[in-house]
Amino acid sequence: MTDNREFDLVLFGATGFVGKLTAQYLLGAAPAEARIALAGRSLDKLTTVRDELGPAAANWGLVVADSTDQTALDALAARTTVVVTTVGPYLRYGIPLVAACAKAGTHYADLTGEPLFIRDAIDRYHEQAVETGAKIVNSCGYDSIPSDLSVYQLYKHTVADNTGELEDTTLIASLKGGVSGGTIDSGRAMMEAIAADPAKGSVMSHPYSLSPDKSMEPNVGRQTDQALQRASSIDPSLDGWVGTFVMAAHNTKIVRRTNGLLGWVYGKNFRYREVMNAGKSAAAPLVAAGMAGGIVATMAAGAVLSRVAVGRKLLDRIVPKPGTGPSEQARTSGWFTMKTYARTSSGAKYVATFSGAGDPGYQATAVMLGQAGLCLAFDGTKQPELAGILTPAAAMGDALTDRLRAAGMTIEVERT
């Protein structure tokens with residue numbers, strides 16, 4: 001990548017809800033000398049966002065570009081070292097920007113939770129990005145940085161301790177926060193794509209659908225994202241119940257892709273899944289069952305409605321709109337804790353903790369996305385030398401871990 005570009009980082013989608021939160025975070029987190037620009041469709045709206053940020057952002061650039069205008073996106077990518085994008089659903093709007101960054105050798109970070117989009121990006125632009133040196137990094141928010149970095153740090157500790165390869169590994173998610181309109185719209189985009197082409201359903205269902213080479217993946221039998229079980233079955237020290245985690249189907253694919261991108265270093269018997277804490281009360285089994293049944297029912301209903309025009313219109317009326325989000329009070333009162341329990345081939349046991357304050361889908365995600373962009377822009381010598389369509393851990397590894405720790409998040413591993 002050339003070092004004479006106009007900007008260090010361009011935030012695309014800066015006028016949206018999460019885009020504004022990310023801009024506010026970058027205002028305080030970026031180095032004083034950082035050359036930052038805000039990008040989007042409307043110059044007037046971009047100007048308003050910059051003005052609301054105050055005097056410290058007065059010198060930030062403004063770049064007008066539409067997600068469907070390939071020429072404008074090519075020009076945007078050529079002007080900056082990194083593009084951070086919140087413009088989704090990525091399946092509908094994301095590929096032209098990936099194409100621009102892959103062509104220009106420009107690093108990129110997004111918030112996608114859409115396996116169909118990532119698979120398309122891999123198939124179309126991975127090789128070009130490798131050639132140009134572009135790191136195209138997907139899922140740089142609550143989905144899927146805590147999952148990806150937790151397992152990566154577990155692996156690093158097993159290597160340091162010489163305790164063998166990772167085997168059974170399970171993440172248990174606990175959180176307080178809401179689901180954004182953008183997340184729901186991403187789900188709709190994938191359901192509509194599958195309705196139009198049912199063959200794409202295999203990308204959603206296959207555990208290794210984002211793998212760089214499925215033939216190299218470990219043969220460890222069935223790995224399901226549905227759960228209803230006692231927590232003690234994961235680790236004897238745990239009490240209560242666990243149920244299905246809504247983002248498990250995506251996060252697990254990201255973690256497995258990291259393993260493949262790193263040369264399958266996690267181990268030949270690496271099994272990974274994610275569940276959600278359902279609590280310890282007498283009602284906990286019902287809560288856990290509801291998590292599993294509710295997610296399946298919701299996805300099934302959405303898939304049916306997405307097949308017909310009248311169903312899509314109904315969804316338009318009843319689901320939260322993209323670009324909407326909770327109040328500041330609700331965002332600041334949120335939190336998340338991810339505990340990942342692992343056993344190695346030698347019998348050693350570890351637990352990784354990744355936790356942070358703030359609504360995970362909004363406030364914490366703005367921190368993660370902002371730090372991912374800054375890491376790509378300024379920490380190049382500290383990162384793995386991989387390029388292409390990447391995951392957070394494979395692209396940035398310890399460099400991003402260190403940044404998030406410095407930003408106030410807890411990321412630690414303990415041998416138990």
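Does Cys101 count as buried or exposed, and at what relative accessibility: what does the model show? In this predicted model, Cys101 has 0% relative accessibility and therefore counts as buried. Across the whole structure, a search finds 0 disulfides.

Turning to the strands, an open sheet is built from 7 of them, in the order S8-S9-S10-S7-S11-S12-S14, and the pairing is mixed. Strand S8 (228–230) and strand S14 (410–415) form the edges, each pairing on one side only. From one strand to the next, the twist averages 25 degrees. In general, strands of a sheet pair through backbone hydrogen bonds, in either a parallel or an antiparallel manner.

Strand S7 (residues 166–176) and strand S10 (residues 271–279) run parallel and are joined by 6 bridges. A reader tracing this pair can look for Thr169, which stands opposite Tyr272 in S10.

Among the helices, H14 covers residues 363–378, a run of 16 residues. The distance from its first C-alpha to its last is 23 Å, close to the 22 Å expected at 1.5 Å a residue. Helix H14 is also mostly covered, with 14 of its 16 residues buried.

Technical notes
Residues are numbered from 1 along each chain as its sequence is written. This is a predicted model: local features need pLDDT of at least 70, side-chain atom pairs count only at pLDDT 80 or more; totals for chains, interfaces and linings use all residues. Side-chain values use heavy atoms; hydrogens and water are left out. Two strands pair if DSSP finds at least two bridges between them. Helices (H or I, at least four residues) and strands (E, at least two) are DSSP runs, numbered from the N terminus. Axes are lines fitted to C-alpha atoms, for helices over the stretch in contact, and angles run from 0 to 180 degrees between N-to-C directions. The expected span of a helix is 1.5 Å times one less than its number of residues. Buried means under 20% relative accessible area, exposed over 50%, partly exposed in between (1.4 Å probe, protein chains only). A disulfide is a pair of cysteine sulfur atoms within 2.5 Å.
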